[in-house]
Amino acid sequence: MKIYVELFCTWFKIGLFTFGGGYAMLPLIEKEIIEKHHWATQEEVLDYYAIGQCTPGIIAVNTATFIGYFQKGVLGGIVATLGVVAPSILIITFIATLLPTFQDLPVVKHALNGISIGVCILMVTSIMKLWKGSIKDKVGIFIFCLSLTIALLFRTATVWVIILAGVCGLIFTNINKLGEDAE
């Protein structure tokens, strides 16, 4: 029973203290999931994020579900998922009742602007960590540049960019294996 409480409370904390979505959660996930509880490695979390991008739903929810599932099966996945979404439900319900009354106050507008800046900083930090963990060679740099170019120039849906990057990774891996086998 203790592990279920830990899963719920840990993911509740991650959901409560993270603004800006899945990528902004990476620093807190790294601290809580990787360093404190040792429920996953850095590489596993990156894999969960990649899978979370390709599956329907929110990255944070998908990641919580994966980690909970790998810790305690289906019930662990459900508990972790409930933990990560509960703060959002509670906060949105609270704000929805109060925001119409206070939304025009300058202090509220400034607070929301400050939160937006903080979220941008967290996202840049997360991108830098993803870069370090994912781009390890010239092929990775090429796939990154190709994906970025396609995403920016053609405004392609994210899922197609991810699928293309995965296919490129498979192709280059097989080309490298063929080259190694030929030697």
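User: Is H38 buried or exposed?

Analyst: The model discussed here is predicted. Residues count as exposed when their relative accessible area is over 50%. The relative accessible area of H38 is 62%, so H38 is exposed.

User: Where is H38 found, and what is its phi?

Analyst: H38 is found in the loop between α2 and α3. Most residues other than glycine have a negative phi. H38 is not a glycine, yet its phi is positive, at about 60 degrees.

User: Which loop holds R155, and is R155 buried or exposed?

Analyst: R155 has its place in the loop between α6 and α7. Its phi is near 50 degrees, a positive value in a residue other than glycine. With a relative accessible area of 74%, R155 is exposed.

User: How many helices and strands are there in the protein?

Analyst: From the N terminus on, the elements run α-α-α-α-α-α-α. The C-alpha trace spans about 70 × 45 × 25 Å along its principal axes. The count for the protein is 7 helices and 0 strands.

User: What percentage of the residues of the protein count as buried?

Analyst: A residue counts as buried when its relative accessible area is under 20%. The protein has 183 residues. Of these, the share that counts as buried is 28%.

User: Among contacts between residues at least 6 apart in sequence, what percentage join residues at least 24 apart?

Analyst: A contact requires heavy atoms within 4.5 Å. Among contacts between residues at least 6 apart in sequence, the share that joins residues at least 24 apart is 54%.

User: K13 and P87 are 74 residues apart in sequence; what is their distance in space?

Analyst: K13 is found in helix α1, residues 2-16. With a relative accessible area of 29%, K13 is partly exposed. Leaving aside neighbours within four places in sequence, K13 is in contact with L28, E32 and K36. From C-alpha to C-alpha, K13 and P87 are 8.1 Å apart.

User: Is T18 buried or exposed, and which residues is T18 in contact with, leaving aside its neighbours within four places in sequence?

Analyst: T18 lies in the loop between α1 and α2. Its relative accessible area is 11%, so T18 is buried. Beyond its neighbours within four places in sequence, T18 is in contact with A24, M25 and L28.

User: Which residues is E30 in contact with, leaving aside its neighbours within four places in sequence?

Analyst: E30 is found in helix α2. Because its relative accessible area is 17%, E30 is buried. Leaving aside neighbours within four places in sequence, the contacts of E30 are E35, Q42 and K129.

User: Is N62 buried or exposed, and which residues is N62 in contact with, leaving aside its neighbours within four places in sequence?

Analyst: N62 has its place in helix α4. A relative accessible area of 10% means that N62 is buried. Apart from neighbours within four places in sequence, N62 is in contact with G52, T55, P56 and G57.

User: Which elements do the buried residues of α5 pack against?

Analyst: The 29 residues of α5 reach 42 Å from the first C-alpha to the last, close to the 42 Å expected at 1.5 Å a residue. In this helix, V119, S126 and L130 are buried. The buried residues of α5 pack against α2 and α3.

User: What is the volume of the largest pocket, and which residues are the closest to its centre?

Analyst: The largest pocket has a volume of about 1,500 Å³. It is lined by 32 residues. Those closest to its centre are S134, I135, I143, F144 and A165.

User: Which helix supplies the largest share of the lining of the largest pocket?

Analyst: At least two lining residues come from each of α3, α5, α6 and α7. By type, the lining divides into 18 nonpolar, 10 polar and 4 charged residues. The largest share, 10 residues, comes from α7.

Terms used
Residues are numbered from 1 along each chain as its sequence is written. This is a predicted model: local features need pLDDT of at least 70, side-chain atom pairs count only at pLDDT 80 or more; totals for chains, interfaces and linings use all residues. Side-chain values use heavy atoms; hydrogens and water are left out. On a 1 Å grid over the protein atoms alone, a cavity is a set of points where a 1.4 Å probe fits but cannot get out, and a pocket is an open set with protein on both sides within 12 Å along at least five of seven lines; lining residues have an atom within 4 Å of a point. Grid points are joined across faces, edges and corners, and a volume is the space filled by probe spheres set on the points. Helices (H or I, at least four residues) and strands (E, at least two) are DSSP runs, numbered from the N terminus. Ala, Val, Leu, Ile, Met, Phe, Trp, Tyr, Cys and Pro count as nonpolar, Asp, Glu, Lys and Arg as charged, and the others, Gly among them, as polar. Buried means under 20% relative accessible area, exposed over 50%, partly exposed in between (1.4 Å probe, protein chains only). The expected span of a helix is 1.5 Å times one less than its number of residues.
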